[in-house]
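Please find below a colleague's note on the structure shown here. The points are numbered so that each can be taken up separately.

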Amino acid sequence: MTRRNDGPARVTIADVAARAGVSLSTVSRALNGNPTVDPALAERVKDAAAALDYTASPVARSLVLGRTQTVAVIVPDLGNPTFQEILRGLSRAAVADDYHVLVADSAESVDEERVLAGTTRRRTDGVILCAPRLPQDELDRLVGGLRPVVLINRTAGDVPSVRADYRSALTAELDHLHGLGHRRIVYLAGAPGSVANAARLSAIAAFVAAHPDTEVAEIPCGVDFEAGAAAGAAVLAAGATAALAFNDLVAMGLLSAVQESGCRVPGDLSIIGFDDIPFARYTTPPLTTAAVPAGELGAQAWSRMRDLLEGAEPGHPLTVLPELTVRGSTGPVT
């Protein structure tokens with residue numbers, strides 16, 4: 001057994017080979033499940049490893065398998081609870097399959113999305129990409145060099161994907177507000193180049209076309225609490241009876257700002273968010289929103305990546321419909 005001068009004995013693959021009476025390559029193949037090894041011989045190697053309490057080095061195992069046992073996940077904003085929930089669902093599923101997750105934050109930047117996709121792929125076995133800002137033609141070109149790759153909330157050719165149906169969910173929110181009598185609504189828009197924002201704008205245009213009695217004015221905003229708070233004055237000046245926010249963070253910022261100005265919610269202004277992040281139910285009043293099953297999106301993204309890594313046919317493209325969750329921040333026009 002190999003010993004170091006500065007510590008206790010450390011069992012090596014050479015010790016296992018000597019005990020089992022086989023070559024180093026046979027030990028390596030047997031412990032990594034190579035089907036070319038005779039079953040009886042493989043059992044002898046495993047018995048020797050167990051008797052010596054041998055554990056393979058993760059680095060050595062990666063070299064033998066030609067894998068890092070790590071996948072990269074790129075998200076636009078780690079501060080957003082929705083992406084945190086996606087990562088939680090994904091990482092728990094990956095860990096259960098003995099994989100690690102390398103997380104990269106693109107900071108809402110198209111340039112960072114592009115660069116991170118390439119650099120992380122060179123260090124991992126695959127990339128799970130959530131790139132809402134990247135133009136479609138660039139995404140179509142990029143994914144070819146990333147395979148295996150799985151997309152979250154985007155589609156590109158035959159690349160496996162999981163996504164939320166933002167358009168249908170936003171339409172449900174508009175139906176809710178219309179049913180409460182709201183005819184003058186403002187939309188606090190997200191990032192101009194965002195695919196999710198484009199889906200929301202498409203839903204708004206279709207809704208207004210079908211409901212000519214309703215006006216929905218767009219107010220440029222953003223994606224975080226500060227952006228929502230900064231839009232408070234513009235919302236109040238618009239004379240709207242309801243505000244539709246790009247996401248819950250924006251809605252919370254708006255809620256804080258308008259109430260500080262003496263506006264009653266929902267008496268003077270109904271506010272509706274999107275995502276149903278964990279804090280949404282604890283605002284005052286609790287926030288009406290569309291609940292996105294973010295954890296499930298993450299777990300399903302991993303399922304498709306695992307299929308790709310194992311050479312299996314990945315699951316079909318998955319689209320989930322966020323569920324309208326009505327709380328106290330919306331009410332009838334008074």
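Which residue in β8 is the bridge partner of isoleucine 185? It is alanine 242 that pairs with isoleucine 185 there; the points below set this pair in its surroundings.

1. Basis of the note. The model is predicted, with local features requiring pLDDT of at least 70, side-chain atom pairs counting only at pLDDT 80 or more, and totals for chains, interfaces and linings using all residues. Residues are numbered from 1 along each chain as its sequence is written, and side-chain values use heavy atoms, with hydrogens and water left out.

2. The chain overall. The chain contains 13 helices and twelve strands; these are DSSP runs numbered from the N terminus, with helices as H or I of at least four residues and strands as E of at least two. Its radius of gyration is 26 Å, whereas a compact globule of 334 residues would have one near 20 Å (taken over C-alpha atoms, with the globule rule being 2.2 Å times the number of residues to the power 0.38). The C-alpha trace spans about 85 × 40 × 30 Å along its principal axes.

3. Burial and surface. Of the 334 residues, 49% count as buried (under 20% relative accessible area, with exposed over 50% and partly exposed in between, using a 1.4 Å probe and protein chains only).

4. The four-stranded sheet. An open sheet with parallel pairing has the strand order β7-β6-β8-β9; two strands pair if DSSP finds at least two bridges between them. β7 (215–220) and β9 (270–272) are the edge strands, and each has a single partner, so one side of each lacks a neighbour in the sheet. Neighbouring strands are turned by 20° against each other on average, direction ignored (axes are lines fitted to C-alpha atoms, for helices over the stretch in contact, and angles run from 0 to 180 degrees between N-to-C directions).

5. Strand β6. Five of the six residues of β6 are buried. Six bridges join β6 (residues 184–189) to β7, and four join β6 to β8. On the β7 side, arginine 184 stands opposite glutamate 215 and isoleucine 185 opposite valine 216.

6. Helix α9. Helix α9 (residues 195–210) lies across β6, β7 and β8 (242–245), at about 165° to β6. Together, β6, α9 and β7 make a right-handed β-α-β unit; right-handed means that, with the strands pointing away from the viewer, the path from the first strand over the helix to the second runs clockwise.

7. Histidine 182. This residue is found in the loop between α8 (166–179) and β6. Histidine 182 counts as buried because its relative accessibility is 1%. Leaving aside neighbours within four places in sequence, its contacts include Thr241, Ala242, Pro332 and Val333 (contact means heavy atoms within 4.5 Å). The C-alpha atoms of histidine 182 and threonine 334 are separated by 9.7 Å, although the two are 152 residues apart along the chain.

8. The six-stranded sheet. A further open sheet with parallel pairing has the order β2-β1-β3-β4-β5-β11. Its edges are β2 (100–105) and β11 (318–320), each with a single partner strand, so one side of each is left without a neighbour in the sheet. The twist averages 15° from one strand to the next. Six bridges join β1 (residues 70–75) to β2, where alanine 72 stands opposite leucine 102.
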